[in-house]
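Please look at the sequence and the model below.

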Amino acid sequence: MLKLQITNAQDRKEAQNRERRRQCELERRSRIFNARNRKIGIDVEFIDRQIAEKRAEREDQNKKNLAFAKQMIKDSNLAAVLEAREMEERRRIGVEIDEFRSKYQRKEDSREYDLNNPDYLKMQLPPRASDGDPVGLSSAQKFEGEDLAYEERKKIMAAQKNAWLEQQVQERKAAQEERKQAEAAYMMAIRARDERAGELDKLERDCRYRLGQANLRYNEALATEKKQLEQILKEQEEADNTAEMYNNLTSDMLTENPDVAKSSLGKNRAVGFMYKGMNQEELKKFYAAQKEQMAANKVKRENEEKMEVEWQALAKSIQNEVAKLDIQDQRKRREIARQLMEENQLMALQQKEKEKYYRDVVNNNVPTDAYYSQFNTTTR
């Protein structure tokens with residue numbers, strides 16, 4: 001039998017701990033061996049700003065979702081109330097219809113009830129009861145062709161027909177009147193429901209309008225406050241700019257006082273941002289140094305041109321050697337290709353001879369129909 005290893009809670013806990021330690025080690029390794037983060041670091045302020053923006057966006061989305069959910073709940077409650085009212089109205093109309101049927105459309109009052117009456121034979125009189133004394137059971141009670149109560153039956157049938165017609169007219173009028181009343185009640189209920197829905201919708205639009213007006217007033221107050229703050233900042237900036245221009249106009253930098261560029265660290269030192277340029281002696285020294293640099297650069301360019309010519313000659317000789325080696329390599333490749341082609345031709349000839357041998361000697365025994373017909377001839 002196979003010995004299956006069944007894990008218990010302690011084994012699963014130990015495996016989870018090992019996986020957690022492995023993940024921690026991988027995260028720590030990615031942090032330590034990342035040269036960019038180790039030497040430069042990350043922009044914490046930018047990341048915090050991104051987190052704040054994401055949090056604000058998430059809160060805004062949550063507010064929108066909450067408002068949408070509240071609106072859905074309100075609509076669902078209103079729909080449920082309207083549906084309950086409609087179901088109650090339908091139930092009431094059904095009850096009234098059943099009461100009308102049980103009161104005015106009974107089975108005993110139908111026109112064909114005498115044909116379907118289960119007690120018809122019990123209530124039926126003998127055929128010759130009008131002749132006086134009833135006859136016996138074995139006596140002849142009815143003869144072909146006679147109709148003793150034809151006139152009376154005809155009157156009764158006419159009266160019954162008129163009564164049926166009158167009853168049908170009354171029933172139809174009552175049914176129409178009842179249906180009109182039911183439809184009027186139903187339309188009244190629908191009208192009341194629509195009026196209530198309109199009132200609720202009007203209240204909701206009024207609330208939304210008031211909320212929009214409050215937001216508009218709040219936004220206008222914020223805009224006014226922002227404009228006032230911008231005006232104050234603009235006036236302060238203009239005052240600072242005026243003071244700065246006055247200080248610059250009255251400073252030694254624009255008056256070009258050469259004494260302001262002298263440094264206290266030595267006579268050959270100068271203050272950089274107050275420096276106004278070189279004098280004639282300094283310009284002569286500068287031009288002389290510039291000529292020396294031009295001569296040195298000319299000598300350097302001549303040496304570089306000479307070295308470039310030598311390198312071109314060396315590169316040309318190397319190209320010639322490479323071309324010779326390439327020609328030799330191509331000759332060797334052509335020779336190898338020729339030998340390979342001869343070997344392939346020889347192998348193709350051997351393959352053809354081998355196929356001919358198999359076709360003429362080995363595979364010459366072709367099975368006939370008798371070989372195939374011997375199978376599936378018995379149950380074994």
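The text below covers salt bridges, then aromatic pairs, then surface patches.

This is a predicted model, in which local features need pLDDT of at least 70, side-chain atom pairs count only at pLDDT 80 or more, and totals for chains, interfaces and linings use all residues. Residues are numbered from 1 along each chain as its sequence is written, and side-chain values use heavy atoms, with hydrogens and water left out.

**Salt bridges**

Side chains of opposite charge can pair when their charged atoms come close. The structure holds 16 salt bridges; the term stands for a side-chain nitrogen of Lys or Arg within 4 Å of a carboxyl oxygen of Asp or Glu. Three of them are listed here.

| Salt bridge | N to O distance |
|---|---|
| Arg92 and Glu89 | 2.5 Å |
| Arg333 and Asp329 | 3.4 Å |
| Glu342 and Arg338 | 2.8 Å |

Arg92 and Glu89 are three residues apart in helix 3, about one turn of the helix. A helix here is a DSSP run (H or I, at least four residues), numbered from the N terminus. Glu89 is buried at 11% relative accessible area, while Arg92 is partly exposed at 27%. Buried means under 20% relative accessible area, exposed over 50%, and partly exposed in between (1.4 Å probe, protein chains only).

In helix 8, Arg333 and Asp329 are four residues apart, so about one helical turn separates them. Arg333 counts as exposed because its relative accessibility is 58%; Asp329, at 31%, is partly exposed.

Salt bridges also link Glu86, Arg90, Arg193 and Asp194 in a network.

**Aromatic pairs**

How many aromatic pairs does a search of the whole structure find? The search finds three. Rings of Phe, Tyr and Trp (its six-membered ring) pair if their centres lie within 6.5 Å; planes under 30 degrees apart count as stacked, over 60 as edge-to-face and the rest as tilted. Phe100 and Tyr104 make a tilted pair, because their ring centres are 5.1 Å apart and their planes stand at 40°. Phe100 is buried, at 13% relative accessibility, whereas Tyr104 is partly exposed, at 41%. Tyr357 and Tyr358 form an edge-to-face pair, with 6.1 Å between centres and 70° between planes.

**Surface patches**

A nonpolar surface patch consists of Met307, Trp311, Leu314, Ile318 and Val322, with about 520 Å² of accessible area together. Such patches are made of residues with over 30% relative accessible area and no salt bridge, nonpolar side chains (Val, Leu, Ile, Met, Phe, Trp, Tyr) being joined within 5 Å and like charges within 9 Å. Accessible areas come from the Shrake-Rupley method with a 1.4 Å probe, and for residues only the protein chains shown count as cover. Val322 lies in helix 8 (residues 280-362).

Terms used: Helices (H or I, at least four residues) and strands (E, at least two) are DSSP runs, numbered from the N terminus.
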